[in-house]
Amino acid sequence: MYEIDGPYLFKQGKHAGEYLEEVVFKNPGYIISCNRYRDGRNVNCFQKHLEALLENAPTTTKKCPICGEKSVKYFLFLNHEDVNEKLCCCENPECQNDLKMNHPGDYLLPIKLKSILVGRTKGQINAILRLIKKVTGIKKVNAEDIFSIFIGEPLKKA
Ligand SMILES: [Zn+2]
């Protein structure tokens, strides 16, 4: 069984020698094209790692601007094409309703890397990545930091 215990290093292909954790920010289009885990076929080590990276909720450092208590978990996808880093909220349904009420027609997406799958243009995908970097406090794209924020501390072997 494959254990996820650190960043995933590409051994072959276009990004051989690079970490998946960095490539998702540097070449998101490539990562989107690799995504196969959702259809449940060919679930190999790479797809399991990709699933963990895209589906996990990262540790966010920014506080919900509505309640000012919990950390942000959602952002508003404006007109299905844009994001504004200020329009975020926590998982509290009251905060979510408050944010949606002022922006009818727009919808909330989770602050997870899988939300890049919703972007239709490079500009949208990069805007979502910028927001994710901002609310998770990522200043420089670094495999170890991204692994620890999105997947967790490397598992300690007993
Ligand atoms: Zn809140």
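**Notes on the fold**

1. Along its sequence, the protein chain runs α-α-α-β-β-α-β-α-α, which comes to six helices and three strands. Helices (H or I, at least four residues) and strands (E, at least two) are DSSP runs, numbered from the N terminus.

2. The model is predicted: local features need pLDDT of at least 70 and side-chain atom pairs count only at pLDDT 80 or more, while totals for chains, interfaces and linings use all residues. Residue numbers start from 1 along each chain as its sequence is written.

3. The protein chain has a radius of gyration of 16 Å, close to the 15 Å that the globule rule gives for 158 residues, so it is as compact as a globular protein of that length. The radius is taken over C-alpha atoms, and the rule is 2.2 Å times the number of residues to the power 0.38. Along the principal axes, the C-alpha atoms fill a box of roughly 45 × 40 × 30 Å.

4. Of the 158 residues, 27% count as buried (20 or more other C-beta atoms within 10 Å of the residue's own, with C-beta atoms placed from the backbone).

5. Among contacts (C-beta atoms within 7 Å) with a separation of 6 or more, 58% join residues 24 or more positions apart.

6. Helix α5 covers residues 122-136. Its buried residues are Ala127, Ile128, Leu129, Leu131, Ile132 and Val135. These pack against α1 (20-26), α2 (28-34), β1 (74-77) and β2 (88-89).

7. After α5 comes Gly137, with a positive phi near 75°.

Key:
Buried ≥ 20, exposed ≤ 12 C-beta atoms within 10 Å, placed from the backbone. Contact = placed C-beta atoms within 7 Å. Expected span 1.5 Å × (residues − 1).
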